[in-house]
Amino acid sequence: MSLRQMEYFLTVVEEASFTRAAEALHVTQPALSHQIKALEKSVGGALLERMPRGVRLTPMGRAFRPHAERAVRSAAQARRAARAAAGADGGELHVAALHSLAVGVLPDVFAQWRRAHPQVLLRLHEYATPEALQEEVERGTADLAVGPVPADWPGTVMEFGEEELALVVPFDDRFAGRTTVTLPELADRPWVRCAMEPVVHGVRFLDWACERAGFTPRTAVWTEHTSTAVRMAAAGVGVCVAPTHVVRGAVGEDCAVLSPDPAWRRALSVFTRVPPTGAAEAFADLLTATWRDGQPAIH
């Protein structure tokens, strides 16, 4: 069994056709078929079922596929890490992050990185939830991840700061002149909710926090992205919860930002499957320094 055979197998699955896979791989169809048969012989059974119009996975193929994907990604990650560590031209660094951090934190970091390391291409992978982020990094999608501190992570975790969650209201809101507000004071308000809202103890964060404050939040709008929720709140649709750095990234100063009393914060980290070296280590250091220097500052 070879890495090339697994790459061939995955291409056939993706294309659902030996003919199209051979074209994508720039090999002849007989050569591709020979490699797939050799792979099936090595694993002890058929991985693909040849159909009159295409192919489909056998039960053995379905079991084999995720492991092949992980092996191919890990090999690609190893090549990227080696090239980046050597400072090779054309090297790549794959960064995974929550969407909110990609919007509110990473643009300044990426801009500084490009000035310092123009030869290393950055590829950003964005995820809606910490669970999805951790799962994809575990599978080898990226060289490092930026997100909340993961529980029981088997690799390396480097905390670099805290994220503060704020309440967003329009400028003409009756609380707009204040700096803090308690949740019970907002019990009668409609809320703009987001699919990217953190989950605490198995429930969405706002539901958890409002229950502790003695009420159930009344949802006015559900959105997919945090930046959209912030804009909705700024327009007066309802109150929303968002990281302070996302508020600046989404609408700048076009809304009022209130700190909940007591404050809501969570630790942020860079985490990796293996100890970072080369470009990955340099990126983690840059992110930590940028946060420490006040970009973004936490208000």
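Which residues of α1 are buried?

**View 1. Helix α1 and the residue after it.** The model is predicted, so that local features need pLDDT of at least 70 and side-chain atom pairs count only at pLDDT 80 or more, while totals for chains, interfaces and linings use all residues. Residues are numbered from 1 along each chain as its sequence is written, and side-chain values use heavy atoms, with hydrogens and water left out. Buried (under 20% relative accessible area, 1.4 Å probe, protein chains only) are Gln-5, Met-6, Tyr-8, Phe-9, Leu-10, Thr-11, Val-12 and Val-13 of α1. Helices are DSSP runs of H or I with at least four residues, strands are E runs of at least two, and both are numbered from the N terminus. Ala-16, which follows α1, has a positive phi near 55°.

**View 2. The largest nonpolar core.** A nonpolar core is a set of buried Ala, Val, Leu, Ile, Met, Phe, Trp, Tyr and Cys residues joined through side-chain atoms within 4.5 Å. The largest has 32 residues, and Leu-93, Val-95, Trp-113, Leu-133, Val-146 and Phe-283 are those with the most contacts inside it. The largest share of this core, seven residues, comes from α11.

**View 3. Surroundings of Phe-283.** Neighbours within four places in sequence being left aside, Phe-283 is in contact with Leu-93, Val-95, Leu-106, Val-109, Phe-110, Trp-113 and Leu-144, where contact means heavy atoms within 4.5 Å. A second, separate core of 19 residues includes Phe-18, Ala-22, Ile-36 and Val-55.

Notes. Buried < 20%, exposed > 50% of the residue type's maximum accessible area, 1.4 Å probe, protein only.
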